[in-house]
Amino acid sequence: MTFAQFIQMFANGTMLGFQLSLFATGLTLVYGIMHIINFAHGELYMLGAFAVYLFFQVFGINFVVSLLLAMAVVSFLSIVIERVFFKPMRGYHIPSFIMSTGLIFVLQVMAMSLFGVKDKAVDSVFTGVLKVAGVTLSKERLMIIPISFVVIAAFYVFLLRSRSGRAMRAVMQDPDAAALQGVNIDTTCSLAMGIGGAMAAAAGGLLAPIFVVNPYLGPPLTWEGFVVVCLGGRTSLPGTLLAAFIMGYIKSFVSTLVDPIVASMCAAALLGIILIFRPQGLLGHEA
Amino acid sequence: MDDQKKRPSGKPGILKAVSPQPLLEIRNLTKRFGGLFALNDVNFDLHRGEILGIIGPNGAGKTTLYNVITGRYRPTSGNVLFKGRDITGYPPHKIVQMGISRSFQLEVLFTHLTVLQHLVLSQHLHTEVGFLGSFFRTAGNRAREKATEARALELINFVGLDAYMDKAAGDLSHGYQRSLGIAVALGTDPELFLLDEPLSALSPQRVSEILDLIRTIRDRGITVAVIEHNMGALFRICDRVVVLSVGAKIAEGLPGEVKENEEVIKAYLGGDVHA
Amino acid sequence: MKRNRPKSKYIGISAALLAAFLIPAFVKSPYWLHVFITIWIYIIVTSSLRFTITMGEWSFAHVPLMGMGAYTSALFVKSLGLSFWSALPLAVLTTAAISILIYLPCLSTTGTFFFFSSFAFGEVMRLCWVKFQNPFGGPMGLFDIPYPDSLQLPILPAIKFGPLSKTPFYYMTLLFMLISLLLLYMLERSRLGRIADAIRESNLLSQFVGIRVNGYKMVILVIGTAFAALGGSLYAHYFTLIQPDDFYWGLGVYIIIYLVVGGTQRFEGPIAGVLLFVLLRELLRPIVMYVPLVYGFILAATLAFLP
């Protein structure tokens with residue numbers, strides 16, 4: 001393994017880490033506040049990618065604006081989904097999981113009927129390459145890092161400073177106490193779902209120019225995101241970030257050094273091992 | 001029904017003096033949860049045929065003691081000996097197999113199964129059915145099934161649940177659920193029966209009924225230990241008492257002695273008591 | 001125990017059986033025979049999943065294990081030259097043994113944790129099929145899996161299995177399904193079924209009446225796996241082509257949906273579920289794209305209105 005290869009893998013891993021951070025934070029949020037498992041989260045990512053395709057590629061709107069629009073649209077959709085499908089499922093793990101699998105179908109078919117089945121390409125936003133230590137890295141991929149960072153940072157600022165953010169943290173820690181303090185649980189849940197959806201959409205939009213866009217993007221990412229959530233601690237947001245990067249680097253290094261299949265195997269095995277030996281994840285605090 | 005285990009004749013006073021080996025020996029039992037000592041170097045013996053009361057303020061570790069004895073928790077250190085045999089750390093189903101049974105403070109039942117089904121299942125260890133017999137119903141099975149049902153009915157009658165035989169456990173009132181829990185524990189044919197707060201939230205009449213039940217159980221040859229907060233009631237039936245506080249044993253002896261013990265009074269009242 | 005089932009139930013079952021046996025007489029279209037063959041296979045898999053659920057845990061490794069049954073059966077015939085009729089029971093036994101390895105670590109978990117740890121290890125197993133070209137054929141899978149050998153029964157002429165006529169397959173899968181259902185039914189009614197009920201109702205109390213919970217859970221899982229493997233083997237030798245993606249968690253989700261909508265409480269639930277969804281899909285052929293949509297809505301409605 002040359003140094004150049006190492007840099008390449010490291011950069012890839014970092015990019016994946018950010019992607020997974022955006023994606024998985026939404027999952028953790030939804031689980032931590034509503035205690036449901038949303039396996040259709042990947043579909044929100046996919047719809048975000050399609051939305052960016054629509055706004056940026058088809059309508060020609062500025063990329064950043066397209067991204068924000070996509071986030072808004074998917075956010076809205078997520079809230080609708082929450083109200084309609086997930087509200088009665090709060091607290092039930094397996095039924096909500098089953099319900100969300102039904103949702104996968106629904107959303108995939110929706111995308112198929114709106115956009116067709118074929119892969120769609122989105123033009124690069126940031127063309128050009130950067131040479132770092134003798135390694136060629138595409139700017140497109142690199143730009144994911146600062147943009148995701150901004151989104152994640154914005155989210156954390158919201159979580160730590162704003163009133164709604166504090167409400168969310170309260171509900172994650174102790175829903176009953178939070179309710180007694182006057183926190184509106186329903187609003188908080190919808191908000192969580194909305195934010196989760198927005199972040200998934202952001203991830204989808206950011207990666208749209210890099211990979212193709214089709215209705216089937218969701219499932220592989222969803223279960224990776226799930227591994228990340230379990231690894232980091234299902235109710236721990238910092239844990240999710242940590243786990244996302246661990247996962248990103250494992251994927252990147254193992255994929256290149258061995259092969260992608262073994263990388264998936266590692267992810268699966270990791271899930272099993274974590275659930276058996278340390279169910280609360282790395283940073284979680286549930287017994 | 002064959003009793004494969006030997007039973008003493010059931011006269012407590014005589015046995016206590018004669019029985020050489022305690023039925024249950026608790027030796028230096030300690031259980032830590034992180035920094036908290038739920039049990040701290042607890043030592044005492046339980047003799048065949050007696051009714052031992054276990055008391056102590058909340059959080060004293062009484063239920064933890066049961067959990068460690070019955071294998072739900074492994075002790076941090078120390079041993080539990082049953083009939084001279086070290087059973088420390090044995091899993092619950094093995095403990096039951098050896099002859100120790102327990103009831104639970106908050107009822108643990110098969111919610112949707114009927115009372116009768118409970119008592120049939122409780123005899124799991126004694127329905128000797130070959131491996132294949134589990135799967136298919138043969139003629140030999142049928143005979144054993146009848147015997148099991150008969151014993152189940154006997155147990156139902158013993159605790160007075162005859163009228164509720166076909167009711168789902170979840171539909172029973174609190175008090176009857178309690179009785180069911182006791183009946184199920186008896187169904188395993190134990191030599192030692194550990195009861196956990198059997199009298200809580202019961203009317204005085206029910207309390208008397210359960211006390212009589214416990215006496216009868218002992219008279220049938222089963223050694224009994226009872227965790228209880230209702231000391232007045234408990235002292236009516238128990239032969240000896242062990243007192244736990246904050247994980248440690250602070251007193252042991254006859255009910256009369258323990259009642260007057262200063263340490264015990266202090267533990268309950270939380271301060272010095274000057275008579 | 002209710003011994004006197006209403007006469008109507010017996011009549012209903014007999015009628016259904018009769019209908020099932022007579023279908024090939026009336027339905028000549030190979031397409032529809034194909035549909036029914038897949039229905040019979042899926043009923044085996046879904047019913048065996050239901051059997052494992054009776055002890056209170058949901059396994060997500062069920063379908064991957066079905067796939068394992070498919071792969072081992074195919075390999076026994078293709079690489080080892082065994083006849084289908086000996087490969088089938090061997091595949092079932094082998095897969096059952098493998099399932100012990102998979103479930104053993106998972107048994108220290110329960111509930112959702114068990115569900116996803118079984119998923120995790122099932123997925124690792126499935127990825128082995130993708131990774132190891134030899135013997136599993138990698139992502140392309142195994143093709144050219146031989147049909148079952150001709151069956152020589154006493155009175156009848158030799159029954160040939162081949163691409164030309166679906167009828168032998170129809171009857172074979174139907175028979176296997178009926179035998180499986182019968183066995184599963186008897187098992188559920190047996191003492192093992194009672195123990196499963198107890199474990200489901202209260203793991204704790206089960207332990208305290210002396211039931212060795214983990215042991216029995218494993219037994220139930222392995223039995224369920226055996227039937228899933230049977231289904232897998234039938235699948236392999238009928239479709240003659242199996243790929244790792246055939247058994248990915250998407251199919252597992254479908255099976256769960258069939259089970260949930262059909263009903264987990266009653267033995268006939270899975271049968272109803274499979275029939276409903278597969279026949280519905282056929283009805284909706286013209287708008288095949290929307291089929292998952294309909295599935296999704298049915299599922300949502302069921303979960304909302306019928307627990």
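Modeller: In helix 3 of chain C, the residues P64(C), L65(C), G67(C), M68(C) and Y71(C) meet G122(C), E123(C), M125(C), R126(C) and W129(C) of helix 5 of chain C. Sorted by class, this contact has six nonpolar, two polar and two charged residues. The model is predicted, so local features need pLDDT of at least 70 and side-chain atom pairs count only at pLDDT 80 or more, while totals for chains, interfaces and linings use all residues. Residues are numbered from 1 along each chain as its sequence is written, and chains are lettered from A and ligands numbered from 1 in the order in which they are written.

Some terms come first. Two residues are in contact if their C-beta atoms, placed from the backbone, lie within 7 Å. Helices (H or I, at least four residues) and strands (E, at least two) are DSSP runs numbered from the N terminus. Nonpolar means Ala, Val, Leu, Ile, Met, Phe, Trp, Tyr, Cys and Pro; charged means Asp, Glu, Lys and Arg; the others, Gly among them, are polar.

The axes of helix 3 (residues 62-78) and helix 5 of chain C come within 9 Å and cross at roughly 35 degrees; axes are lines fitted to C-alpha atoms, for helices over the stretch in contact, and angles run from 0 to 180 degrees between N-to-C directions. Helix 3 of chain C passes helix 5 of chain C in a left-handed crossing, that is, the near helix is turned anticlockwise from the far one by less than a right angle.

The contact between chains A and C takes 32 residues from chain C and 28 residues from chain A. On the chain C side, helix 4 (84-106), helix 5 (111-131), helix 11 (249-262) and helix 13 (291-305) each supply at least two residues. Helix 5 of chain C gives the most to this side, with twelve residues. By class, the side of chain C that touches chain A has 24 nonpolar, six polar and two charged residues. Two pairs of chains are in contact, and chains A and C share the most contacts.

Chain C touches chain B too, with 18 residues of chain C in contact with 23 residues of chain B. Helix 7 (167-189), helix 8 (191-201) and helix 9 (203-208) of chain C are the elements that give two or more residues to that side. Of these, helix 8 of chain C gives the most, with six residues. This side of chain C has nine nonpolar, four polar and five charged residues. No contact joins chain A and chain B, whose closest C-alpha atoms lie 13 Å apart.

Chain A itself contains eleven helices and two strands. Its elements run α-α-α-α-β-β-α-α-α-α-α-α-α from the N terminus on. Along its principal axes, the C-alpha trace of chain A spans about 60 × 45 × 35 Å. Buried residues make up 54% of the 287 residues in chain A; a residue is buried if 20 or more other C-beta atoms lie within 10 Å of its own, exposed if 12 or fewer, and partly exposed in between, with C-beta atoms placed from the backbone.

Five of the five residues of strand 3 (residues 51-55) of chain B are buried, so strand 3 is largely enclosed by the rest of the structure. Both faces are covered: I51(B), G53(B) and I55(B) are buried on one side, and L52(B) and I54(B) on the other. Strand 3 of chain B pairs in the parallel sense with strand 8 (residues 223-227) of chain B over four bridges; two strands pair if DSSP finds at least two bridges between them. Here I51(B) stands opposite V224(B) in strand 8 of chain B. Strand 3 of chain B also pairs in the parallel sense with strand 9 (residues 240-245) of chain B, over four bridges, and I54(B) stands opposite V242(B) in strand 9 of chain B.

A further sheet of chain B is open and antiparallel, with four strands in the order 2-1-4-5. Its edge strands are strand 2 (36-46) and strand 5 (85-86) of chain B, each pairing on one side only.
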